[in-house]
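Take a look at the fold below. How is the chain built, and what lies in its interior?

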Amino acid sequence: MTTIHEPAVANAMGDLSLWPASTTHTGHGDLAVGGVPLTEIAERFGTPVYVMDEAEVRDRCRTYRAAFPDADILYAAKAFLCRAMARWAEEEGLGLDVCSAGELELAVTTGFPPERIVLHGNAKTPRDLETALRLGVGRIVIDSPSEIARLAAAVGPEGRQKVMVRVVPGIDAGGHAKIRTGTEDQKFGLSIRDGYAQHAITRILDQPQLELTGLHCHLGSQITSVKPYLVAVRRMTGLMARLHRQHGLVLPELDLGGGHGVAYRPGEQALDLTSLAHRVRVELTDACAAAGLPVPRLIIEPGRAVVGPAGVSVYRVLSVKHTGETLFVAVDGGMSDNPRPALYGAGYTPRLIGRPATVERVRTTVVGRHCEAGDVIAEDVSLPTDVRPGDLLAVPVTGAYHFSMASTYNLIGRPPVVAVHDAHARLLVRRETLEDIRRRDVGL
């Protein structure tokens with residue numbers, strides 16, 4: 001076991017740079033988010049629990065609207081979606097990017113305008129397409145040639161549906177290899193390089209039921225550099241210029257997707273949104289001028305960057321033990337409420353809350369309760385040397401891809417989602433119970 005005495009580590013105990021802007025120290029080692037102490041949330045709603053700061057979400061929506069005043073901002077619902085989140089996005093003037101009939105129906109039945117929704121998916125089911133047409137979705141992004149005829153037939157001879165084409169620009173960008181989607185060797189989109197994108201567009205133009213409004217690309221996730229987006233603008237504009245020469249086609253929309261990176265640990269880089277907006281706007285204007293094209297309306301699809309830093313997870317410590325040189329701190333959650341470390345090797349910074357702790361720190365691995373060696377929440381992190389069972393640990397930047405990817409592994413119910421705002425906490429999604437799980441098991 002390595003004990004850490006460096007002043008920098010002790011000072012980091014007060015660092016709130018990763019936390020929602022509303023986070024404050026309340027004394028006795030506790031933190032409050034949105035004016036609500038995290039210990040109070042743990043006591044009232046149990047642990048593990050997801051906490052979402054409504055003001056942080058809304059502020060991040062407004063930041064995007066201010067940075068891209070002439071663009072359509074579509075919140076990527078796969079990052080985190082519940083009825084309240086759909087309502088927040090709608091009230092802040094964002095559209096929605098969905099990937100299934102389930103996400104689409106939840107949003108529309110909450111009151112989200114379907115014309116402001118775009119449906120994605122590399123393998124859309126018949127139900128996905130039927131639901132999109134029935135509810136009047138604004139755009140459907142075509143991801144494969146087989147979708148063209150199926151969609152045209154579903155629309156019918158008298159119908160009309162606006163569509164876009166997802167293009168693979170051949171750009172390697174993003175964090176882990178499993179979240180890079182702008183390259184040629186993954187399942188999404190149609191390649192510019194091999195001509196599949198151009199061929200699909202020609203086929204769409206032959207379908208009177210389909211109205212092609214623009215091109216779409218998505219480079220990946222956790223991108224922290226502006227440069228890949230500028231390369232994407234040039235390649236997408238080049239394709240638009242070729243389509244204009246071949247078909248006389250002028251497309252009014254260009255969707256650059258999302259993937260904007262956020263910091264999960266101190267010192268990590270996040271994407272500079274102000275720089276992105278300015279440089280993309282300049283690059284697009286210059287590229288269109290050089291090609292003799294009007295500048296299309298830009299569409300941006302942030303997800304993680306809207307909700308990730310607005311979320312905090314709270315766990316209770318169940319056990320503390322040494323195995324060899326490693327100190328393991330086990331909590332009452334794990335990969336069922338946060339699979340990202342197991343999937344992508346994602347890193348986090350847990351923090352002891354709820355009581356004063358020793359200044360001395362120790363290198364620790366925080367693990368979950370599941371029967372998997374890979375059930376790790378955070379490796380090689382600094383915690384007080386006196387961490388013990390019954391303590392509470394809070395983990396920031398857990399608003400994206402936690403609730404949405406949660407499972408019932410080991411038949412452990414998924415945690416609740418609690419919103420905090422103006423010193424009030426309210427339940428958005430209740431905890432999943434064993435009774436909920438049993439009701440689905442109808443095999444006897």
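Predicted model: local features only at pLDDT ≥ 70, side-chain atom pairs only at ≥ 80, totals over all residues.

Along the principal axes, the C-alpha atoms fill a box of roughly 70 × 55 × 45 Å.

Contacts come next. Take those between residues at least 6 apart in sequence: 69% of them join residues at least 24 apart. Of the 444 residues, 54% are buried.

Now the surface. The chain exposes about 18800 Å². Carbon and sulfur atoms supply 51% of that area. As for charge, there are 48 positive and 51 negative side chains. The centres of these two sets lie 2 Å apart.

The largest nonpolar core has 126 residues. Those with the most contacts inside this core are Leu38, Phe68, Tyr75, Met85, Leu215, Val307 and Val314. Helix H9, residues 227-247, gives the core its largest share, 10 residues.

Which residues does Leu215 touch, leaving out those up to four places away in sequence? Among them are Met236, Leu239, Met240 and Leu243. Leu215 also touches Met164, Val165, Val167 and Ile201. Further contacts of Leu215 include Leu251 and Leu254, along with the acidic residues Glu253 and Asp255.

A second core is separate and has 5 residues. Its members include Leu74, Val118, Met164 and Ile299.

Conventions: Residues numbered from 1 in each chain as written. Heavy atoms only, no water. Buried < 20%, exposed > 50% of the residue type's maximum accessible area, 1.4 Å probe, protein only. Contact = heavy atoms within 4.5 Å. Areas by Shrake-Rupley, 256 points an atom, 1.4 Å probe, with all protein chains shown as cover. Lys, Arg positive; Asp, Glu negative; His and termini not counted. Charge placed at Lys NZ, Arg CZ, Asp CG, Glu CD. Core = buried A, V, L, I, M, F, W, Y, C linked by side-chain atoms within 4.5 Å. Helix = DSSP H or I, 4+ residues; strand = E, 2+ residues; numbered from the N terminus.
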